[in-house]
Amino acid sequence: MPIVVDEQSSTLTLVTDHTSYQMQVDMMGYLLHLYWGPRSRGCMDYLLTYADRGTSANPAVAHDRRSYSLDALPQEFPFAGGGDCRSPLLRVRDARGAFGCDLRFAGFEIEEGKYALPGMPAVYAEPGDGAQTLRVRLHDVRLGLEVELLYGVMPHQDVICRATRVTNAGGAGVTIDKLHSACLDFVHGDFDLMSFYGRHAMERQPLREHLDHGLHVIGSRRGTSSHQYNPMLILSDHTTSETAGRCWSMQFVWSGSFRAEAERDQYDQTRLQMGLAEETFSYPLAPGQSVTSPEIIMSFTDRGFERLSHSLHDIIRTRVCRGWWRDRVRPILLNSWEAFYMDFSGDDIVSLARRAAELGIDMLVLDDGWFSRRSTDDRALGDWWVNEEKLGGTLRDLIGRVNDLGVRFGIWMEPEMVSQDSDLFRAHPDWALTIPGKEPVVGRSQLVLDFSRPEVVDALFDQVCRLLDQGNIEYLKWDYNRSIIDVYSPCAKDQGSVTYDYMLGLYDMLERITARYPKLLIEGCAGGGGRFDAGMLYYTPQIWCSDNTDAIDRLRIQYGTSFGYPCSVVGSHVSACPNHMSGRSVPLSTRACVAMAGTFGFELDLAELPAEAHDSIRGQVGDFRRYASLVQRGRYYRLTDPLRDAVTAWEFVAPDGSEALVSVVMNRMEVNRGSLYVVPRGLTPDVLYRDEETGGIYPADALMCMGVPLPSGLHEYQSHRYHLLRCDTCGG
């Protein structure tokens with residue numbers, strides 16, 4: 001059973017296929033964290049130690065027992081006001097403005113299946129998953145505060161999900177000033193912390209640091225999960241590698257501002273936690289009201305980062321992504337942006353679609369510039385009516401012309417934004433997030449619409465539906481190109497609720513769109529990868545990984561992304577060279593090789609390419625169709641580190657081991673260098689594999705031990721692939 005209760009030891013244990021997670025209600029009524037590690041039996045409270053800690057405070061219930069202090073004990077849900085001066089998960093103010101509470105255990109319930117969070121994204125379970133939910137209730141008598149800790153156990157994925165609901169069951173108002181969803185407390189350990197930092201066009205760069213004394217904080221204050229830090233952390237032993245060692249992860253199912261903390265305290269104990277950002281968050285609860293923290297996906301393994309990533313890939317791909325496109329290979333698309341930017345006609349779009357059809361590309365996506373007076377990026381956002389003069393007819397006509405070529409049609413929108421130079425803003429200036437009496441801070445000459453207001457969400461939902469109903473639109477690129485800076489809503493009772501309610505408004509709109517158009521493929525985008533998170537993937541089963549399409553930069557971006565996210569959700573395209581952002585020139589074959597570690601598509605003007613490039617693209621389209629199922633469902637292996645190694649190599653292995661695709665890109669050249677080898681992993685032991693291109697036969701065990709030499713003529717930025725077929729499946 002995933003949840004085991006031992007009344008004698010007062011323990012609650014969550015059990016997955018390979019792990020055990022244990023907590024205990026102690027003699028004082030507090031809920032302590034005991035263990036999360038390899039699957040084990042028995043009670044782990046022997047790990048707790050008690051001593052007079054000098055200046056560490058003792059709760060009132062301990063009376064004169066100075067050896068008992070929450071400041072030195074591992075906890076499930078640390079709160080401000082109980083004597084623990086480390087970072088809390090909950091900070092609350094009463095009606096007088098006084099801080100602090102005292103949360104004691106009040107009971108629990110076990111349910112079959114995985115809990116859901118109404119109005120919010122969360123991992124879901126399906127029949128056969130064996131999932132269970134544990135609901136633990138904590139209570140503060142003075143405030144009448146009820147805290148419900150939600151645990152969703154996904155045993156086969158070795159995943160535990162956490163969320164928290166806080167309810168004011170008292171007679172006076174309270175304010176929640178900090179709300180995190182979960183923490184992990186370790187009584188000892190020498191740990192590293194891996195975070196994923198970046199900037200626009202260079203997102204999710206892995207940074208591994210030794211965790212020493214002090215508080216290490218990452219997060220976003222930008223109203224989005226951000227380009228700067230991804231809402232994911234990995235805590236590991238100092239010796240952990242790709243294939244060995246303990247590691248724990250936290251991944252936030254939220255697309256707004258967040259805060260993640262790792263603290264090594266005065267007693268060399270470590271706390272890892274994650275939740276809503278404290279900046280601009282101050283949520284009032286009247287009697288009877290509740291607020292729910294977003295979910296955190298947590299996983300543990302003692303077999304290295306590779307196994308941890310496999311668990312996270314499985315849960316994201318099959319239990320976060322939903323709907324029609326979850327298990328389907330995505331269409332190969334051609335986006336018009338780098339071909340024309342905003343300077344195009346309807347005939348230009350049809351001409352581009354015609355060339356796409358000739359090369360076997362599935363879909364043409366009409367990017368920015370098709371609506372209202374939109375010829376530059378400083379006007380018309382919010383005026384989502386089709387510029388028929390520019391397109392030379394109705395949108396329905398244009399879609400029909402594209403479809404007649406055998407090409408599907410997609411379109412770009414940025415529904416959360418408004419230009420000051422727009423009819424929408426002139427009609428409803430109060431719909432934008434601005435502060436009265438303060439000149440607004442703009443980004444890309446645009447403001448953010450107030451999605452915390454239901455009437456604004458309703459109006460934009462109607463606009464999106466009016467567009468999608470104009471023809472056979474099968475794909476929607478949902479963009480978002482600035483941060484939330486000015487936080488003020490005229491309808492909010494407390495401005496500290498605005499950014500939280502904004503995200504609920506966005507999720508409500510996306511849920512309604514996916515329900516109305518169940519076969520519509522929505523690709524998330526926020527200036528590229530500025531909102532690449534599990535929350536958006538619940539509604540948009542792929543996300544544009546980065547605005548940076550330079551293949552060499554993408555090696556690093558996609559490498560970092562792979563620690564927490566499967567390649568099936570990574571929007572990745574072949575673009576023009578020299579690259580429009582970096583100016584770098586990379587062979588077309590390498591650009592395609594890198595883009596095939598994602599959803600695969602193109603972002604260039606096919607008319608500018610020579611005939612031989614057309615032949616290459618036609619071959620690449622065919623190759624990806626052969627490999628697409630392997631990329632979509634295969635196990636992903638990071639074979640080298642592009643931040644350090646001369647080559648970047650990665651691998652997909654079919655779930656049954658029948659085939660593997662090993663891809664290699666030469667990062668840099670050195671004169672008179674020795675031979676380079678790439679070492680695959682995950683193959684079926686004690687069998688033979690045949691290289692489809694050369695016909696060479698290789699023993700799987702030798703490949704996984706010593707590898708295979710790279711071609712000697714591989715030059716800088718060139719790529720090579722090995723498509724390995726197990727001989728019992730390939731006729732060898």
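## Terms and overview

Helices (H or I, at least four residues) and strands (E, at least two) are DSSP runs, numbered from the N terminus.

The model described here is predicted. The domain assignment of the protein chain lists domain 1 (3-189 + 252-303), domain 2 (333-626) and domain 3 (639-727).

## Where domain 2 meets domain 3

The centres of domain 2 and domain 3, taken over C-alpha atoms, are 35 Å apart. Contacts join 17 residues of domain 2 to 16 residues of domain 3. The size of an interface is often given as the accessible area lost when the parts come together. Between domain 2 and domain 3, the buried area is about 1300 Å², and carbon and sulfur atoms give 66% of that area. On the side of domain 2, the residues that lose the most area to domain 3 are Leu555, Tyr559 and Cys593, which together account for 38% of what that side buries.

How many salt bridges are there between domain 2 and domain 3? The count is two. Three helices each supply at least two residues of the side of domain 2 that touches domain 3: H10 (551-561), H11 (588-595) and H12 (611-633). The residues of that side comprise ten nonpolar, three polar and four charged.

## Salt bridges

Side chains of opposite charge can pair when their charged atoms come close. The structure holds 60 salt bridges. One of them joins the side chains of Arg93 and Asp177, with an N to O distance of 2.5 Å. Arg93 belongs to strand E5 (residues 90-93) and Asp177 to strand E10 (residues 174-186), so this pair ties together parts that are 84 residues apart in sequence. Another salt bridge links Glu692 with Arg626, and the closest N and O atoms of this pair are 3.1 Å apart.

## An open parallel sheet

Nine strands make up an open sheet with parallel pairing, in the order E29-E28-E27-E26-E23-E22-E21-E31-E30. Strand E29 (570-571) and E30 stand at the edges with a single partner strand each, so one side of each has no neighbour in the sheet.

The pairing of E30 with strand E31 (residues 601-603) is parallel and runs over two bridges. Within this pairing, Val574 has Phe602 in E31 as its bridge partner.

## Two hairpins

Strand E1 (residues 3-6) and strand E2 (residues 11-15) run antiparallel and are joined by four bridges. Asp6 has Thr11 in E2 as its bridge partner. The hairpin of E1 and E2 has four residues between the strands, and Ser10 in the turn has a positive phi of about 55°.

A second example is formed by strand E11 (residues 191-199) and strand E12 (residues 202-210), which pair in the antiparallel sense over seven bridges. Here Ser195 stands opposite Leu207 in E12. Two residues lie between the strands of this hairpin, and Ala201 takes a positive phi near 75°.

Most residues other than glycine have a negative phi, and most peptide bonds are trans. Arg444 is not a glycine, yet its phi is positive, at about 55°.

Which peptide bond is cis, with omega near 0°? It is the bond from Cys577 to Pro578. Pro578 has its place in the loop between strand E30 (574-575) and H11. E30 is also an edge strand of the nine-stranded sheet, and H11 is one of the helices on the side of domain 2 that touches domain 3.

How values were computed. Residues are numbered from 1 along each chain as its sequence is written. This is a predicted model: local features need pLDDT of at least 70, side-chain atom pairs count only at pLDDT 80 or more; totals for chains, interfaces and linings use all residues. Side-chain values use heavy atoms; hydrogens and water are left out. Domain bounds come from an automatic or database domain assignment. Contact means heavy atoms within 4.5 Å. Buried area is the accessible area (1.4 Å probe) that two parts lose on being put together, summed over both. A salt bridge is a side-chain nitrogen of Lys or Arg within 4 Å of a carboxyl oxygen of Asp or Glu. Ala, Val, Leu, Ile, Met, Phe, Trp, Tyr, Cys and Pro count as nonpolar, Asp, Glu, Lys and Arg as charged, and the others, Gly among them, as polar. Two strands pair if DSSP finds at least two bridges between them.
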